[in-house]
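Student: Could you take me through one part of this protein chain slowly, beginning with the overall layout and then moving in on a single place?

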Amino acid sequence: MVLQRWQTVYMFIAVVLLGLSTFMAVADVNMIKDSVESLSLTSLFNGQSVDFQSASAYFLLCGVTALMTLVNIFKFKCLKLQKTLCSVGMLLIVAAYVVLGCAVAMADEVSIHWNLISLAPAFALICLLMAKSRIIKDYKLIHAADRLR
């Protein structure tokens, strides 16, 4: 099997990275009472991180973006829609970082140690950007071939 569409690989990498960032701990939070809590989806649902309940929107946005990108992989026949969904995915990743930044800014008297997985959405953003550029390249190639017929 020869892989002809590299945007599929880039979008799959973005799905994996966004899935990991949805379910793994993004940061370790040191509270005033010297307790260390991990900022993850499971700790938010268990009610452990009371100060960071607004950070649940970050995990929701990462999960929705991962699902949308997974669906986007199978939309290879409609390149315009695929390009649009890549743009929306990139916008949602930026929105997720804004929400996480607002949640951290609103927290009082905490020390935050970021984990490496907090960079996963940024790498997914780069992968979606590369996938979008490959989609545009395919679109131009298809229309140039139609012109020659």
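Tutor: Read from the N terminus on, the elements of the protein chain follow the order α-β-β-α-α-α-β-α, which amounts to five helices and three strands. Please keep in mind that this is a predicted model, and that every value I quote is computed from it. Of the 149 residues in the protein chain, buried ones make up 36%, and among the contacts with a separation of 6 or more, 71% are accounted for by residues 24 or more positions apart.

With that background, let us look closely at Thr69, whose place is in helix α3, the helix formed by residues 56-73. Thr69 has a relative accessible area of 2%, and therefore it counts as buried, because that word is used for anything under 20%. When residues up to four places away in sequence are not counted, Thr69 touches Met11, Ala14, Val15, Leu18 and Leu128.

For a contrasting setting, consider Met130, which is found in helix α5, residues 120-148. Its relative accessible area is 34%, so Met130 is partly exposed, since this value lies between the 20% limit for buried and the 50% limit for exposed. Together with Leu116, Leu119, Phe123 and Ile126, Met130 forms a nonpolar patch on the surface, and these residues have about 500 Å² of accessible area together. The protein chain as a whole exposes about 8900 Å², of which carbon and sulfur atoms supply 69%.

Definitions and conventions
Residues numbered from 1 in each chain as written. Predicted model: local features only at pLDDT ≥ 70, side-chain atom pairs only at ≥ 80, totals over all residues. Heavy atoms only, no water. Helix = DSSP H or I, 4+ residues; strand = E, 2+ residues; numbered from the N terminus. Buried < 20%, exposed > 50% of the residue type's maximum accessible area, 1.4 Å probe, protein only. Contact = heavy atoms within 4.5 Å. Patch = residues over 30% accessible without salt bridge, like charges linked within 9 Å, V, L, I, M, F, W, Y side chains within 5 Å. Areas by Shrake-Rupley, 256 points an atom, 1.4 Å probe, with all protein chains shown as cover. Salt bridge = Lys/Arg side-chain N within 4 Å of Asp/Glu carboxyl O.
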